[in-house]
Amino acid sequence: MSALLRCRDLSRAFGGLLALEGLDLDVEEGGVLGLIGPNGSGKTTFFNVLTGFFPATRGEVLFAGEPITGLSPQVVYRKGVARTFQRSRLCLPLSIFDNLLIGNHKHLDHRLWSNLVDRRALRRQIEQTFAEARELVRIFDPPLADRLLEPASRIPMIDRRRIEVCRALISRPRLLLLDEPSAGMTQEETMRLMDDILQVKSRLGGLTIILIEHEMTVIERVTERCVVLNYGRKIAEGAYAEIARTPSVREAYLGLE
Amino acid sequence: MSIIAQYVMNGAMLGMMYALVAVGFTLFFGVLDVIQFAHGDVLAAGAFAALAVWLGLTRLGVASPALLLALVVVAATVATALLGAAVARFLVLPLKGAPQLNVLLVTLMMGTVLRESIRLFYPGGSQPQLFPALLPTSSVALGEFNLRIDNVILLAAGTVLIAGTSLLVTRTRLGLAIRAVAQDEETARTMGVDFRRIVLLTFALGSALAAFAGVMDGLYYNEIFFGMGLLLGVIGFAAAIIGGLGNLYGAILGGFFFAALQTIGAVALPFASAYKDVFAFGVVIALMALRPKGLIGERTSERV
Amino acid sequence: MRKGLLAAAAVLAVSLALREDDFALLLLTRVLIVILACLGLNVQFGYAGVVNFAGATFFGVGGYTAAVLARSTAVPHLFILLIGGAAAALAGTILVVPVLRTRGHYAALVTIAFALLFRTFFEVNDALGGPQGLKLPELRIGPVHFNDAIEIGSFFASFYLKYIVLSLLLAALGFAFVLRLERSFIGVALDCIRLDEIAAASFGVDVARWKIVAFTLGNFLIGLAGALSAFMVGFIAPDNYSFGESLIFVSILLLGGLGNPWGLSLASAVVLLLPEKLQVIAEYRFLLFAAVVILILLFRPAGLLPRPLRRLT
Ligand SMILES: Nc1ncnc2c1ncn2[C@@H]1O[C@H](COP(=O)(O)OP(=O)(O)OP(=O)(O)O)[C@@H](O)[C@H]1O
Ligand SMILES: [Mg+2]
């Protein structure tokens, strides 16, 4: 069995609030897992614990068989986990390309010597990343691929979300964490974004995705399996069609729709 | 024995002044999440306003010390309250949404404008100015220690003011509105609180407290000086941060804590009491390294 | 690169034209030195977003180090200049932990407290001359005595011309360094740290490491400038390193446009030369700068020459 990500009893408390409580979760390599649950149910907290922003209060995470519990965000990224944020976190004053360079940080040379003195390798890496960036962005929005040197502040919200996804993808991670990538998009736009992501996934081969999403049609279409959280606990797991029929889920979540 | 009493008394006076200044910082931070760095210089402006009014009144022949004192305090309070509200209205509110540091910078520069204006435009402002003794100067002998009546009065008045402020914030409708704005601006707005008005009132209130600290400083040292606000401002800021920005009682504790540090510095380094500020600021820096959000800690936690 | 050489040539041409005018050359040297210091501050504040309200303090650490070494050791003066920079960088390490652990207002307080602490320290420390300060011997690098006028045949020039050449050289090096830093992956990482530490961390940027690097390199430049300034003036005293002076450095940065080395150069020239040219305003200069910076922050927060977008390709 080759679970790429395996969480056991993962828990996180904020003071007395149990934001995540005893979560057990496996994600197969190459799978797409939907993570759903009402507001405040701990979905984002799960990402934050996974990526090392908040230490877990209990439990453990294995990534590709290795424990990554308690590692810093930097190390988790280097191991091949990349994410987007629920609220856009692009560096708006920088160019789109600069933002993508940040996404590709682990493949770039940051030694003082090669950045300040002998800059041949630097130039090569810039050209290479630029070519990769164009190719990647072209999948999502062809005209945008020719505007990489414009400031990120100048493009509309939808394109910013796309660039955030590209920023997470450009380093070719093994696990991609998407936290409501469609916030602020229409349903069609969301579908397109997801199709584009799946296209990149099929190109990369082996990319694994966890998707937090409120739009159930999206979940239904792109995920193979879903986990439902409520008050930090997993209340259901299975294919969307199954869980949509589970009474506790309907009560906790779908009933609120 | 008497020397210790002397140190304690001096520390208490300093602590009271710092606490009054720090409460201002913490109130401003509470409502707007900003540092109003001109606060110390607003204080100095208040002290100079007090001096100017005293000079004017004595020229006019007002001789009653009680009346003089009352008018002087009123003048300083009005001056600082207006200045503080003006800073909020013209510098802080327009920068809402800009990076926090810009507000710090703009008010830092406003402090320079006030400081330099006093130096350049107040007659003789570049030199320290004698401040009149408006309180009884007698003292009570307690063993070898002379307890000065004016100091007791100042401490008592400061205590009353701080207690009054805390009552105002916790018990009145205005205080409720201030706390509502401090909690969450949006909710406060939907509750019908006039956000701008509350901000201006809070800045006026916090600045008025500084006026008293300024007059207190003048009465205690018998002189005031155009640059007096800078150090008092930094110390008040440090005290507010030690106490956890936005926390009223923390600010008061922070003020007395800083005064205690200076006093300890002066006692422990008698051969080099000039180093007492080096010591006090050194401790503040070390504290920030150990507890980056202050001893008591700011109320918010960061979201990812 | 071409712009830089052109600017350097222009400065040289102007100084040659004014070669007998001591005062003009002195002012020009001061501008170049302040540019060097502000370049350092720019790396910290403009790129990495590490606030430093103790610029004048690090400038002073460089100056005092130079004074003490030049008075009591035989270390060659060129090394003393470098050691001045290193000493400032070292002094900065006192602040590394609190500056890394704090942010925003809290970090500002740390550097302000440090500035006041050091100011008092300079003033009360008798070994450093107390309030009177210290005198420095003449700067000598190799065979060049910096305080002798230049006379070659019929060519005569003020001794300040030598200081101009030296400070121009250092400022140009500092400039090249800062420009390259900005146009590198390190520059991208620093910008990201300034704009969003959380995004930076989630893409592997070692926030603490780069903040330390930026802070240390910046302090080195500031200290270097301070050491050179001390030699040129021939004398140092605590009054030159007050909190007000630190604010002037920060004002120059904001006035010019945070993150733009050309902007801070323009602003340094304006801030230092204007009061000298218009004697009437000399007395009011702190007042005026402060007012101008307020207006800039309110109405043109990107400064006189806003930083252009980075172009790596
Ligand atoms: N940094 C924090 N400090 C304190 N409490 C937090 C913090 N982050 C999250 N919480 C709390 O943890 C709980 C779970 O929050 P989380 O953001 O994970 O929910 P979510 O499922 O992502 O919700 P949404 O759908 O609204 O994004 C909430 O009650 C939230 O208030
Ligand atoms: Mg969420």
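This is a predicted model: local features need pLDDT of at least 70, side-chain atom pairs count only at pLDDT 80 or more; totals for chains, interfaces and linings use all residues.

In which helix of chain B is Arg119(B) found?

Author: Arg119(B) is found in helix H4 of chain B. Residues are numbered from 1 along each chain as its sequence is written, chains are lettered from A and ligands numbered from 1 in the order in which they are written, and side-chain values use heavy atoms, with hydrogens and water left out.

A word on the labels: helices (H or I, at least four residues) and strands (E, at least two) are DSSP runs, numbered from the N terminus. Contact, or touching, means heavy atoms within 4.5 Å. Leaving aside residues up to four places away in sequence, Arg119(B) touches Gly125(B), Ser126(B), Phe226(B) and Glu283(C).

With Glu116(B), the side chain of Arg119(B) makes a polar contact of 2.8 Å. That term stands for a pair of N or O atoms within 3.5 Å; within protein, one must be able to donate a hydrogen and the other to accept it, and residues adjacent in sequence count only if both atoms are side-chain atoms. With Glu283(C), the side chain of Arg119(B) forms a salt bridge, at 3.9 Å from N to O. A salt bridge is a side-chain nitrogen of Lys or Arg within 4 Å of a carboxyl oxygen of Asp or Glu.

Now step back to the whole interface. Between chain B and chain C the rule finds one salt bridge, and two residue pairs are in polar contact, both residues at pLDDT 80 or more. On chain B, at least two residues each of the side that touches chain C come from helix H3 (65-92), helix H4 (100-121), helix H9 (228-242) and helix H11 (276-290). H4(B) supplies the largest share of that side, 16 residues. The side of chain B that touches chain C comprises 36 nonpolar, five polar and seven charged residues. In this sorting, Ala, Val, Leu, Ile, Met, Phe, Trp, Tyr, Cys and Pro count as nonpolar, Asp, Glu, Lys and Arg as charged, and the others, Gly among them, as polar.

In total, 48 residues of chain B are in contact with 40 residues of chain C. The two chains bury about 3,800 Å² between them, with 81% of it on carbon and sulfur atoms. Buried area is the accessible area (1.4 Å probe) that two parts lose on being put together, summed over both.

Chain C also meets chain A. There, 37 residues of chain A are in contact with 28 residues of chain C, and the pair buries about 3,000 Å², 72% of it on carbon and sulfur atoms. Gln74(A), His110(A) and Leu116(A) supply 19% of the area that chain A buries against chain C, more than any other three residues. The count here is two salt bridges; Asp98(A) and Arg310(C) have side chains that meet in a salt bridge of 2.9 Å, N to O. Between chain A and chain C, 10 residue pairs are in polar contact, both at pLDDT 80 or more.

Finally, let's visit ligand 1. Residues from chains A and B surround ligand 1, so the site is shared between chains. A polar side-chain atom of Lys43(A) is 2.8 Å from an oxygen atom of ligand 1, and a backbone N or O atom of Ser41(A) is 3.1 Å from an oxygen atom of the ligand.

Definitions and conventions: A residue is near a molecule or strand if one of its heavy atoms lies within 4 Å of it.
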